[in-house]
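Please report on this structure, going from the contacts between chains to the build of a single chain.

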2 protein chains.
Amino acid sequence: MTAQTTDATSTATPRDMANAVRALAMDAVERANSGHPGMPMGMADAATVLFTRFLKFDPKAPKWADRDRFVLSAGHGSMLLYALLHLTGYEDMTLDEVKNFRQLGARTAGHPEYGHASGIETTTGPLGQGIANAVGMALAERLLAARFGGSVVDHYTYVIAGDGCLMEGISQEAISLAGHLKLSKLIVLWDDNGISIDGPVSLSSSEDQRARFEAAGWATDAVDGHDAEAVAAALDRARSSDKPVMIACRTVIGYGAPKKAGTSGVHGAALGAEEIAGTREALAWPHAPFEIPADIRTAWAHAGARGAAEREAWEKRLGALDAEVQADFTRAMAGELPAGWKQALDDYIAGLIASPKTVATRKASEMALEVLVPAIPELIGGSADLTGSNNTRTKGMKPVAPGEFDGRYVFWGIREHGMAAAMNGMALHGGVIPYGGTFLVFTDYCRPAIRLSALMEQRVIYVMTHDSIGLGEDGPTHQPVEHLMSLRMMPNVAVMRPADVVETAECWAAALERTNGPSVLALSRQNLKQLRLEASAENLSAKGAYILREASAAPKAVLLATGSEVEIAVAAAEVLEAKGVPTRVVSMPCWELFAAQPADYQARVLGGDVVRIAIEAGIGFGWERWTGPKGAVIGMTGFGASAPAPELYRHFGITAEAVVDAALARV
Amino acid sequence: MTAQTTDATSTATPRDMANAVRALAMDAVERANSGHPGMPMGMADAATVLFTRFLKFDPKAPKWADRDRFVLSAGHGSMLLYALLHLTGYEDMTLDEVKNFRQLGARTAGHPEYGHASGIETTTGPLGQGIANAVGMALAERLLAARFGGSVVDHYTYVIAGDGCLMEGISQEAISLAGHLKLSKLIVLWDDNGISIDGPVSLSSSEDQRARFEAAGWATDAVDGHDAEAVAAALDRARSSDKPVMIACRTVIGYGAPKKAGTSGVHGAALGAEEIAGTREALAWPHAPFEIPADIRTAWAHAGARGAAEREAWEKRLGALDAEVQADFTRAMAGELPAGWKQALDDYIAGLIASPKTVATRKASEMALEVLVPAIPELIGGSADLTGSNNTRTKGMKPVAPGEFDGRYVFWGIREHGMAAAMNGMALHGGVIPYGGTFLVFTDYCRPAIRLSALMEQRVIYVMTHDSIGLGEDGPTHQPVEHLMSLRMMPNVAVMRPADVVETAECWAAALERTNGPSVLALSRQNLKQLRLEASAENLSAKGAYILREASAAPKAVLLATGSEVEIAVAAAEVLEAKGVPTRVVSMPCWELFAAQPADYQARVLGGDVVRIAIEAGIGFGWERWTGPKGAVIGMTGFGASAPAPELYRHFGITAEAVVDAALARV
């Protein structure tokens, strides 16, 4: 099983090869005078074993669908990854890029940034995210294997994680889930160096990590992380386990640095000239900075070339598949949607126009999913233990179960953060489109992962229900107030808050078509009247905002509202019209999409120098952007309360009467 | 050790008493037609044992400093707590309140809300928060015991947690920390009912919870949660452990409900008339809704009266303390600051005016702390493994270590969320004032707990450094962009971003004096010139915004800036003045405090109908609130990048030149 590293043309030992990684890492950090040399130097031996003997990859085809995925969860050790990519022959990871570590425009950012260079499978740095991404990748692999067969989908997911990753709570959610699902092709190398930034890990933790992983259903192992053969043997054992495996690699952080090795001093700062000179001596590495001797380069090139034959064999197997299956696999991996889904959704919307429905938008989301899930086989749903509330599971949608991956629905458990980060991993893996639900208020639990969906431009769809005080009795802990606006603040997140059953379907379409970023669907608990009663040739919600009801004459007031408050805007407009104030109602399901429209469309929708009143059952602050100087906002100014929803709307003054009063005071 | 429950005047058994809890819970949920009956009915027996035989409390003195703390981490089971508080005789928890469960204005909110009623020690509902709060409470208890002695500080902290709490990642951070620190007076009762909302816990988890806790350094036990004597015996054992203890209480959710018990159907919805009738029969509880037979009431009243004598004895012990120590204890528990701290800080500021300093505001924070930590003995510091970066540890500040609680500095480990939630628990416990650090970008990890600091109006001080692209090379994963504005969106959070060493000291004072909510200090990595060079009799930062540099004549432009960008505003103002544009610079360290100023002060600072330009190295969106229709914002529109900080400021156009151009285009 173990691929061989032996290269007749090179006499380089694994240690020599690892020292090349160490040298590049310490020299690059030194040149940038910024970065983390300790982790790459400590894990160089184990990573060298992984990349030269186990990891299935081909630098000439970095997007090969069945490559093993490698996640550097301890992303601060980015130079480890950059050195490995450079040495194994990824063409875009040139020596100049390594030299430009942490400089503006370089591929070699301070932490690995997905999309900056081939071979960076995910953006890491915020600790614990990588290991949870990896769980999603390993899950995607199993789901795709179940769908397309093991001849084309059969790879491992490897992770290097540090103490920081394992101390973050999200790691527990990830570990627990992976153990439960028996993701046996997931292998975590723990860089067990006993050092954190503040000093020895023992300052803050006494955890028995192996016992912890075992409690979660993992197999574990422990080796000297500097003993290449021991690491290889452990990896061999791990690959045949029927559980996910954690291998504790005991290492010395900053291995080779004569004074700083084994201390927190080597964690996050350049070594300095003197210590670097000492390291060169200790490692018997007399070469100049960034200089790699030819025989070591050759050995690394050989390791990098290892996967080509396997990739070619894989391509033959792919070619041997039924043509339709092959096309489907290729399409799904490319992230393209299958033919027909849009028509199915349009037909469904046409049915709603013909026969309007009053339903909560969470229910409307389920109704849209009843159309989409059959039409898009790679759509994988789930909820963080709120399936019946989030309405995320369609009829007959089979659950994913331990060791059984022919389902399409994930019971994520009460693990919102882990769910979000695993969905990132699924989207990054490709071939699946993940959506997952919880209450909108618990986007707070997911927030670090949502940020990474946005930064990595991943199509992850967050189905966030119970989107306001409209959830009622559960009270302020469960009522989102600042969440809509706070998510709008986050770059590249499309926050979509549909007003009715038709807009919900349109928002689902927009979210699926948004291939370069996540969408948050904010959905009501309470029933909402269908407001869209006329057929539209285009997806109006995808424009972000549009005129839902035009005024009877040139508008003096324009009401801007989202979601459940559009109903209130419509009611207020009727009163205002009756009082002789021509009033337009604009439904604004998605600010981000509206902001991307041409200026003339925006101006047309917003109207000119008129009174604009915004209505939203969330923090009003921020709406000034659209209401302008004459405007007002009917919204929340503080936390909610526990009571039936209609009482809360009255209590907090989010009513048609309040809108009318605000408008009349201004027109 | 075990207090006796026997009451000669009552024949009520523990089961009878527990059934009273069950009945109140199911009847209140039924009346509200909303709520979670399953958990209170399942845990009624164990909770009855705890409240009648172990928990040290006195309903007549609910704020007794040395009471045991009880945390219902599984907050959805709020009726369990309300029933217990009512039955044990908390005067504000009347039967009418129980009947008004989940109604507007009632003390009996959907989830327990701190401050709504006596005996609610913390707001719970967002899962996992309670157990982490409890770690903070147990830690506060030990810290205070070390300071004031075991004669006045010697209590337990008990938690009831469900599967949801234990699946949330934050629970791992909490557990790991408690085990490490050997918080042996922390006892968790796990409601091991095997049911989550989506169905059996086995749908999503296979974790061996006892093994997991043991891996974290806890002792564990397992009992039949319906066997009062077994629960009592386990609690007895737990109280003498030298580790924190988790007792797995195997229970049947919705115990007593003939059809729904043991299913997810009883978790979060009213039982319905038929099932309630069946439950009354099954429990041999023939009484009308909300009716508690006299002998059972008597038994509960007896349990509630149990603590009075112990409290009186405690008050005698308190009275026997040295008068100064006694006063200090009482003052600290009341949350009042000691005399002298303000003068010490004022003297320090006077020194800065006399001898200005150019330092990063994170360093300025450390300098302020060097004054405050000695002056305020209850100030407890810490960092989530970024001590040297957050500058949170002052000289000679002794660390808290496992079993050793005479220190004042907590190495929280890489556990931002757990730190934040534990700080909530510390503040709620009282007697200590917690502050803790991480990078501002990782407020995302803390966000659910920060929200609870705000909702519970707790004085928790978040020391968040590296507050912009100014952190440089670590790149976009570590550069906060949307965070300042997103935190400002959250009700009752004071986001303070000081511009220099003087403002940093002033913000510390404002944060300490802000007793009804959390403060987030957003601090720079990079050095900032001291801009405040004149003495001020008042704390200008505490006004939220103030005129830092007045224009040479009636201002045509007003520059609004925070933190590191105030320097840019000052530079731009000089250029504008030279070009004949009278320009005012307003430093605006805290929007929330400024918004609370009288309108005339706000108007005076902002100027009238002038051009206002905001400058902040974060998402600009939101500044429209202050800039008004003629204004502009110089800020970020997307994520940052990895490069040296000065390059990033140029790259993203946050420069004095850009400010000058924007102003000239508008005046």
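## Salt bridges between the chains

A salt bridge here is a side-chain nitrogen of Lys or Arg within 4 Å of a carboxyl oxygen of Asp or Glu. By that rule, six salt bridges cross the interface of chain B and chain A. The model is predicted, and side-chain atom pairs count only at pLDDT 80 or more.

One of the six joins D474(B) to R102(A). Their closest N and O atoms are 2.8 Å apart. Over all chains, a search of the whole structure gives 69 salt bridges.

## The interface of chain B and chain A

How much area is buried between chain B and chain A? The figure is about 7700 Å². Carbon and sulfur atoms give 59% of that area. The contact pairs 95 residues of chain B with 95 residues of chain A. On the chain B side, R451(B), M489(B) and F621(B) lose the most area to chain A. Together they account for 10% of what that side buries.

Polar contacts across this interface come to 48 residue pairs, with both residues at pLDDT 80 or more. Helix α18 of chain B, residues 443-455, makes the largest contribution to the chain B side, with eight residues. By class, the chain B residues that touch chain A are 39 nonpolar, 35 polar and 21 charged.

## Chain A as a whole

Chain A holds 26 helices and 20 strands. Along the principal axes, the C-alpha atoms of chain A fill a box of roughly 90 × 55 × 45 Å.

Chain A is divided into three parts: domain 1 (14-312), domain 2 (341-529) and domain 3 (542-665).

## Domain 1 against domain 2 in chain A

In chain A, the C-alpha centres of domain 1 and domain 2 lie 33 Å apart. Their contact takes 29 residues from domain 1 and 33 residues from domain 2. The area buried between the two domains is about 2500 Å². Carbon and sulfur atoms give 69% of it. Which three residues of domain 1 supply more of its buried area than any other three? They are L143(A), E173(A) and L177(A), with 21% of the area that domain 1 buries against domain 2.

The salt bridge count between domain 1 and domain 2 of chain A is one. R147(A) and E378(A) meet in a salt bridge through their side chains, at 3.2 Å from N to O. Helices α5 (129-148) and α7 (169-181) of chain A each supply at least two residues of the domain 1 side. Of the elements on that side, α5(A) gives the most, with 13 residues. The domain 1 residues that touch domain 2 divide into 13 nonpolar, eight polar and eight charged.

## A salt bridge within one helix

Helix α12 of chain A spans residues 308-320 and contains both R311(A) and E315(A). These two residues are four apart, about one turn of the helix. Their side chains form a salt bridge, with the closest N and O atoms 3.1 Å apart.

Conventions
Residues numbered from 1 in each chain as written. Chains lettered and ligands numbered in written order. Predicted model: local features only at pLDDT ≥ 70, side-chain atom pairs only at ≥ 80, totals over all residues. Heavy atoms only, no water. Domains from an automatic or database assignment. Contact = heavy atoms within 4.5 Å. Buried area = accessible area lost by both parts, 1.4 Å probe. Nonpolar A, V, L, I, M, F, W, Y, C, P; charged D, E, K, R; others polar. Polar contact = N/O pair within 3.5 Å; in protein donor to acceptor, adjacent residues only side chain to side chain.
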